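Subject: Handover of a structure

Dear colleague,

Please find the structure below, together with its sequence. I would be grateful if you would read the notes with both in view.

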Amino acid sequence: QVQLVESGGDLVQAGGSLRLSCVASGSTFSLNAMGWYRQAPGKQRDLVAAISRGGSTNYADSVKGRFTISRDGAKNTVYLQMNSLRPEDTAVYYCNAGRLTGNSYYPANYWGQGTQVTVSS
């Protein structure tokens, strides 16, 4: 079992920044990557960014150049630094544990509870 706990969501004005954190615990050894997803009301949950244990990253086109995913292995923590936020970034952001192979991220069925990010115009 893998447990994931997100934090850092907030209400922010357009153009602002936030940093999300996700702490992982449990049996993560079989999973080589972590990812951030987001889900806006009435929309599907989409991958935002992923990072492998070796540091390889993958981003959705909509966030490239604005968001940065990173990890601290010693703390079992993954971060999502979000800059130049836009109202369309408003969503619940979820942390996921999975596998990253090449440019493809494969989520395992391990999800956090989500953290709300709201960007006002």
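The notes below begin with the whole chain and then turn to single residues.

This is a predicted model, in which local features need pLDDT of at least 70 and side-chain atom pairs count only at pLDDT 80 or more, while totals for chains, interfaces and linings use all residues. Residues are numbered from 1 along each chain as its sequence is written, and side-chain values use heavy atoms, with hydrogens and water left out.

**The whole chain**

The protein has zero helices and eleven strands. Here helices (H or I, at least four residues) and strands (E, at least two) are DSSP runs, numbered from the N terminus. The pattern along the sequence is accordingly β-β-β-β-β-β-β-β-β-β-β.

For 121 residues, a compact globule would have a radius of gyration near 14 Å, and the 13 Å of the protein agrees with this. That radius is taken over C-alpha atoms, and the globule rule is 2.2 Å times the number of residues to the power 0.38. The C-alpha trace spans about 40 × 30 × 25 Å along its principal axes.

Of the 121 residues, 41% are buried. Buried means under 20% relative accessible area, exposed means over 50%, and partly exposed lies in between (1.4 Å probe, protein chains only). The protein exposes about 6,200 Å², of which carbon and sulfur atoms supply 46%; such areas come from the Shrake-Rupley method with a 1.4 Å probe, and for residues only the protein chains shown count as cover.

Among contacts (heavy atoms within 4.5 Å) with a separation of 6 or more, 58% are between residues 24 or more positions apart.

There are 11 positive and 7 negative side chains, and the centres of the two sets lie 6 Å apart. Lys and Arg count as positive and Asp and Glu as negative, whereas His and the chain ends are not counted. The place of a charge is taken as NZ of Lys, CZ of Arg, CG of Asp or CD of Glu.

**Aromatic pairs**

How many aromatic pairs does a search of the whole structure find? The search finds three. The rings of Tyr37 and Tyr105 have centres 6.2 Å apart and planes at 55°, so this pair is tilted. Tyr37 belongs to strand S4 (residues 33-39) and Tyr105 to strand S10 (residues 104-111), so the pair ties together parts that are 68 residues apart in sequence. Tyr37 counts as buried at 8% relative accessibility, and Tyr105 counts as buried at 9%.

The rings of Tyr94 and Trp111 have centres 6.5 Å apart and planes at 90°, so this pair is edge-to-face. Tyr94 is in strand S9 and Trp111 in strand S10, and their pair links distant parts of the chain, 17 residues apart. Tyr94 is buried at 13% relative accessibility, whereas Trp111 is partly exposed at 30%. Ring pairs join Tyr37, Tyr94, Tyr105 and Trp111 into a cluster.

For these pairs, rings of Phe, Tyr and Trp (its six-membered ring) must have centres within 6.5 Å; planes under 30 degrees apart count as stacked, over 60 as edge-to-face and the rest as tilted.

**Residues in strand S9**

Is Asn96 buried or exposed? With 0% relative accessibility, Asn96 counts as buried. Asn96 is part of strand S9. Leaving out residues up to four places away in sequence, Asn96 touches several residues, including Tyr37, Tyr105 and Trp111.

Val92 is also found in strand S9. In sequence Val92 and Thr115 are 23 residues apart, and their C-alpha atoms are 5.4 Å apart in space. Beyond its neighbours within four places in sequence, Val92 is in contact with residues including Tyr37, Gly114 and Thr115.

Most residues other than glycine have a negative phi. Asn76, however, has a positive phi near 50°. Asn76 lies in the loop between strand S7 (67-72) and strand S8 (77-82), and is partly exposed at 42% relative accessibility. Ser84 likewise has a positive phi near 50°. The loop that holds Ser84 runs between S8 and strand S9 (91-101), and Ser84 is partly exposed at 40% relative accessibility.

Thr57 is in strand S6 (residues 57-59) and is partly exposed at 37% relative accessibility. Apart from its neighbours within four places in sequence, Thr57 is in contact with Ala50, Ile51 and Ile69.

Yours sincerely,
A colleague
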